[in-house]
Amino acid sequence: MSERPLHEGKLDRAQALSNAQREEMYATISTTPVTPVIGVEIEDVDLTVDVPDDQIEDLTRALANYNVLFFRDQPELTPEQQIRFARRFGELHLHPAAPKDAEHPELFVIHTHGESFVNNGADWHTDVSCDEEPPLGTMLQIHRTPGSGGDTLFANMYAAYDALSERMKSLLDGKIAVHDSERAYRGRYSDKGVDDTGVTFPTADHPVIRTHPVSGRRALYVNETFTKRIRGMTEEESDAILEFLYRHMVRPEFQVRFHWKPNSIAFWDNRCTQHLAMWDYWPNERYGHRVTVKGDKPFYRAN
Ligand SMILES: [Fe+2]
């Protein structure tokens with residue numbers, strides 16, 4: 001197998017549909033791509049009502065094409081409205097560590113303020129990859145923004161995989177990594193009244209390269225929050241490879257940075273993206289509601 005020339009470390013644009021081609025695919029929604037690589041703004045959908053089937057089909061296709069959907073023009077959704085919309089994409093996931101809303105256990109309240117110890121998701125990650133069946137996607141509406149700051153950064157893991165050399169892809173082919181949540185979750189929610197004494201947090205093995213169950217494309221699937229090591233390598237080798245991948249996979253050209261306005265919504269595909277919630281607004285407040293859709297067991301399909 002020959003080495004790729006250096007310029008092929010750039011984005012593989014030949015594999016991407018042009019924005020014009022993608023625009024033609026949506027009859028029931030308006031789409032405005034945010035970057036050529038990841039993220040699209042969606043208009044002409046009313047999330048306060050039961051969204052019609054043809055719009056759900058278009059939104060599902062848009063999620064597959066752009067990996068993160070942004071909605072700017074929605075009112076503050078009630079928990080029931082947000083849960084109803086998320087359920088159109090699958091059963092809902094219950095977070096293994098975060099406190100549950102008494103009335104709506106599927107609702108994860110995102111609230112960071114001057115008394116917070118930590119901010120949720122402040123390192124790059126894909127949600128709950130420590131689960132055997134990690135979430136398909138996550139839908140977050142931020143009701144109250146800090147004014148400036150509090151952006152969320154998303155990175156496209158297809159693009160990160162595509163930009164690796166053939167030699168590196170071969171090295172990672174079929175490798176399995178351990179995802180462990182002890183470090184991420186122990187004590188994380190103590191400022192929200194959670195006592196996790198005696199609690200065992202989930203751990204799971206997943207392929208380093210994941211085949212997306214809908215698109216069939218390959219995406220890098222390790223992240224610095226949950227991935228502990230790559231099996232079948234020495235600890236030093238695993239550390240070095242992971243360190244390289246963590247830097248590589250969040251290169252700026254794979255990213256979109258979303259600035260929240262009150263009631264903005266983001267819906268991202270956890271199977272092919274990573275994200276980071278910027279905590280640059282302390283002691284100001286940021287509040288929102290997150291609902292997460294269940295996913296299936298990650299797999300890798302060799303050629
Ligand atoms: Fe997250």
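1. For the classes used here, Ala, Val, Leu, Ile, Met, Phe, Trp, Tyr, Cys and Pro count as nonpolar, Asp, Glu, Lys and Arg as charged, and the others, Gly among them, as polar. By class, four nonpolar, six polar and three charged residues make up the lining of the largest cavity.

2. The model is predicted: local features need pLDDT of at least 70 and side-chain atom pairs count only at pLDDT 80 or more, while totals for chains, interfaces and linings use all residues. Residues are numbered from 1 along each chain as its sequence is written, and side-chain values use heavy atoms, with hydrogens and water left out.

3. On cavities and pockets, the terms are as follows. On a 1 Å grid over the protein atoms alone, a cavity is a set of points where a 1.4 Å probe fits but cannot get out; a pocket is an open set with protein on both sides within 12 Å along at least five of seven lines; lining residues have an atom within 4 Å of a point. Grid points are joined across faces, edges and corners, and a volume is the space filled by probe spheres set on the points. The count is four cavities of 30 Å³ or more.

4. The largest cavity holds about 140 Å³ of space. It is lined by 13 residues, of which I110, N120, L140, H275 and A277 are the closest to its centre. Strands β14 (273-277) and β15 (286-293) are the elements that give two or more residues to this lining; strands (E, at least two residues) and helices (H or I, at least four) are DSSP runs, numbered from the N terminus.

5. The second largest pocket has a volume of about 230 Å³. Its lining comprises 18 residues, with G121, A184, R188, T225 and F226 closest to the centre. Helix α6 (residues 182-185) gives the most to this lining, three residues. By class the lining divides into six nonpolar, six polar and six charged residues.

6. A nonpolar core is a set of buried Ala, Val, Leu, Ile, Met, Phe, Trp, Tyr and Cys residues joined through side-chain atoms within 4.5 Å, where buried means under 20% relative accessible area, exposed over 50%, and partly exposed in between (1.4 Å probe, protein chains only). The largest such core has 53 residues, and F154, L172, Y185, L220, V222, L245 and M249 touch the most other members. Helix α4 (residues 157-162) supplies the largest share of this core, five residues. A second, separate core has 27 residues, including I56, F71, L92 and F267.

7. With contact taken as heavy atoms within 4.5 Å, and neighbours within four places in sequence left aside, L220 is in contact with residues including M157, Y161, L172, L245 and M249.

8. A disulfide is a pair of cysteine sulfur atoms within 2.5 Å, and the count is zero. C130 is buried at 0% relative accessibility, and C272 is buried at 0% as well.

9. D196 lies in the loop between α6 and β8 (203-207). D196 is buried, with a relative accessible area of 13%. Not counting residues up to four places away in sequence, D196 touches Y185, R186, G187 and F201.

10. D46 sits in the loop between β2 (40-43) and α2 (53-66) and is partly exposed at 36% relative accessibility. Leaving out residues up to four places away in sequence, D46 touches V51 and Q74. D46 and D73 are 27 residues apart in sequence and 8.8 Å apart in space, C-alpha to C-alpha.
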